[in-house]
Structure formats: structure tokens, C-alpha cells
Amino acid sequence: QTSMKNMERELVCPVCKEMYKQPLALPCTHNVCHVCASEVLLQHGHLYCDPTSEPTSPAATPSTRSPRLGRRAVPKPDRLDRLLKSGFGTYPGRKRGAVHPQTVSFPCPACQRDVDLGERGLGSLFRNLTLERVVERYRQTINISAAIMCQFCKPPQLEATKGCTECKSSFCNECFKLYHPWGTQKAQHEPTPPTLTFRPK
């Protein structure tokens, strides 16, 4: 349980405190969810510098786009140019009326450093696909382990703590003892972790 909790801590976004969704790898090697990163930049007065606003990665196809981002209006490139020329939404430290935005700095919530994202902002970051897959696997593991209940308890059922491949069942501690009485053949059964898919030995 403890090791799972420690692992979960590694899979949580420092901004929204939830498990990463479409994590982006920052230059400082920390990660943030795509949506969180764009919200942090907006709070710091940055317009989207990158009209596509999609992280450059093979997995960033329209189908994987987060619905929250998909609906957010992103100014068209020519309109962005006009906005920048007119000095609207000036970047901190940028001269009004400058045509080219300066490099975008991103305050990393994990290491508290201002990380330089270059002129393309979020568009220069890559999606951390490995982390995304780990989160997905972890979610599945949690869902499975949370769902295994003792198959012999009277309601309310207790959570299963042991499995038995011979009996092809999962038990709580008490029921395991009850169904494997001392001195009988069943007492020889080896307890395994509880599971819903018993494979023959």
C-alpha cells in the first residue's frame, strides 16, 4: 500500500494535484498537464504564442485533444499578429508594439524556477508519452485492486486480502481461514494475492 501511495505521488501534476492528463515535459525535466500549463501561462499574461497550441508529438492528433482545450478559442495567426503589433496582451518585460514576442518563461510549480520555453511557448514542448502510459497502467491497477471483494463474506463484503489458485477464489483473512481449516487437505493451499483472473498453476 505504501509503495503504491509513493508511486501515486510521482504521477500527480503539481498544478491541479490530480493524475497527469497529457503531461508535457518541461526543460527542467518536471511535468505538467497540458491544460494546466496553458492556464498557468494565461494567468501570467501570456497569450498563446503558438496558434496551433498542440504539443509537438506524434500522439497529438485531433482525437487525443483534451475537450477543454478544443473548445477554447485560439486566435488565428493573422489576428495574433495584429494583437501583438497593437501591444495588446503585452508580455511582462516586452516593449509595447514589438512585433516578435520575447521568449516565454514558465514558472515551474515543482522546482519554483522560471523555465525558458523559447518563442513558441508550449508549442516547443513534447508530450511525455511514457508518463502518460504509466498513469494509464496505474489507473487500471487501482481500479482492479479496489474492485476485488471477498467472494464468501455475508454482506457487507470485506475487501479480499488473499487469493487461492486451487479454489479459484478471493477471500478476506477470516474467510480464508474458514475455508482452509487447519489439518485438512485445503490447509495446504498456498495463498496468493487476490485477483479476478485465476490462471491454472
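This is a predicted model: local features need pLDDT of at least 70, side-chain atom pairs count only at pLDDT 80 or more; totals for chains, interfaces and linings use all residues.
I number residues from 1 along each chain as its sequence is written. I take local features at pLDDT of at least 70 and side-chain atom pairs at pLDDT 80 or more, with totals for chains, interfaces and linings over all residues, and I use heavy atoms for side-chain values, without hydrogens and water.

**Cores.** I looked up nonpolar cores (buried Ala, Val, Leu, Ile, Met, Phe, Trp, Tyr and Cys joined through side-chain atoms within 4.5 Å). Buried means under 20% relative accessible area, exposed over 50%, partly exposed in between (1.4 Å probe, protein chains only). The largest core has 14 residues; Leu26, Ala37, Phe106, Leu117, Leu122 and Leu125 touch the most other members. Helix 2 (residues 34–43) gives the largest share, three residues. I take helices (H or I, at least four residues) and strands (E, at least two) as DSSP runs, numbered from the N terminus. A second, separate core of nine residues includes Cys33 and Tyr138.

**His189.** I found His189 in the loop between helix 6 (173–179) and strand 8 (191–192). It is buried, at 16% relative accessibility. I then checked contacts (heavy atoms within 4.5 Å). Beyond four places in sequence, His189 touches Cys164, Glu166, Cys167, Phe176 and His180.

**Salt bridges.** I counted three, each a side-chain nitrogen of Lys or Arg within 4 Å of a carboxyl oxygen of Asp or Glu. Arg127 pairs with Glu132 at 2.6 Å, N to O. Arg127 is buried at 8%; Glu132 is partly exposed at 22%. Lys177 and Glu174 pair at 3.7 Å. Both lie in helix 6, three residues apart.
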